[in-house]
Amino acid sequence: MSKSLVGITIGKAFCDGKIKDLDMKTENYLPLLKNTSWGNSTVQQLLQMQSGAFETGLVGWRIDKYFST
């Protein structure tokens with residue numbers, strides 16, 4: 001289900017011009033995801049389910065828990 005929702009959401013935002021470049025980091029479009037592995041991934045990586053996400057706190061999967069940023 002989550003793959004479908006991500007695909008629909010990104011597809012709609014892309015068609016509406018809200019996402020202009022699928023190779024930009026997701027955190028450029030969703031600042032809430034800054035310092036998470038989801039935010040550090042490109043939009044295209046999210047679509048391909050290649051974000052490399054790992055253990056999460058309250059919001060998003062924290063990349064800074066494993067790597068110094």
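What share of the 69 residues in the protein is buried? Buried residues make up 23% of them. The model is predicted, and the legends below go through it view by view.

Figure 1. The protein holds three helices and zero strands. Read from the N terminus, the order of its elements is α-α-α. Among contacts between residues at least 6 apart in sequence, 25% join residues that are at least 24 apart.

**Figure 2. Helix H1 and the glycine that follows it.** H1 is made up of 14 residues. From its first C-alpha to its last, H1 reaches 20 Å, which is close to the 20 Å expected at 1.5 Å a residue. Glycine 17 comes after H1 and has a positive phi, near 80°.

**Figure 3. The salt bridge between lysine 12 and aspartate 16.** Side chains of opposite charge can pair when their charged atoms come close. In this view the side chains of lysine 12 and aspartate 16 form a salt bridge, with 2.8 Å from N to O. Lysine 12 counts as exposed because its relative accessibility, 52%, is over 50%. Aspartate 16, at 41% relative accessibility, counts as partly exposed. The count of salt bridges in the model comes to two.

**Figure 4. The salt bridge between glutamate 27 and lysine 34.** Here the side chains of glutamate 27 and lysine 34 meet, and the distance from N to O is 4.0 Å. Glutamate 27 has a relative accessible area of 19%, so this residue is buried, the cut-off being under 20%.

Figure 5. Rolling a probe the size of a water molecule over the atoms shows where empty space is left. Two or more lining residues come from each of helix H1 (2-15) and helix H3 (43-47). H1 gives the most, with six residues. By type, the lining of the largest pocket divides into 13 nonpolar residues, four polar and no charged.

**Figure 6. Tyrosine 29 and its contacts.** Tyrosine 29 sits in the loop between H1 and H2. With a relative accessible area of 25%, tyrosine 29 is partly exposed. Neighbours within four places in sequence aside, tyrosine 29 is in contact with Lys18, Ile19, Lys20, Asp21, Met24 and Val43. One of these, isoleucine 19, is 10 residues from tyrosine 29 along the chain, and the C-alpha atoms of the two are separated by 7.3 Å.

**Figure 7. Asparagine 35 in the loop between H1 and H2.** Most residues other than glycine have a negative phi. Asparagine 35 is not a glycine, yet its phi is positive, at about 65°. The relative accessible area of asparagine 35 is 33%, and the residue is partly exposed.

**Figure 8. Serine 41 in the loop between helix H2 (37-40) and H3.** Is serine 41 buried or exposed? Serine 41 is buried, as its relative accessible area is 3%. Not counting residues up to four places away in sequence, serine 41 touches Met24, Lys25, Thr26 and Ser51.

Terms used. Residues numbered from 1 in each chain as written. Predicted model: local features only at pLDDT ≥ 70, side-chain atom pairs only at ≥ 80, totals over all residues. Heavy atoms only, no water. Buried < 20%, exposed > 50% of the residue type's maximum accessible area, 1.4 Å probe, protein only. Helix = DSSP H or I, 4+ residues; strand = E, 2+ residues; numbered from the N terminus. Nonpolar A, V, L, I, M, F, W, Y, C, P; charged D, E, K, R; others polar. Contact = heavy atoms within 4.5 Å. Expected span 1.5 Å × (residues − 1).
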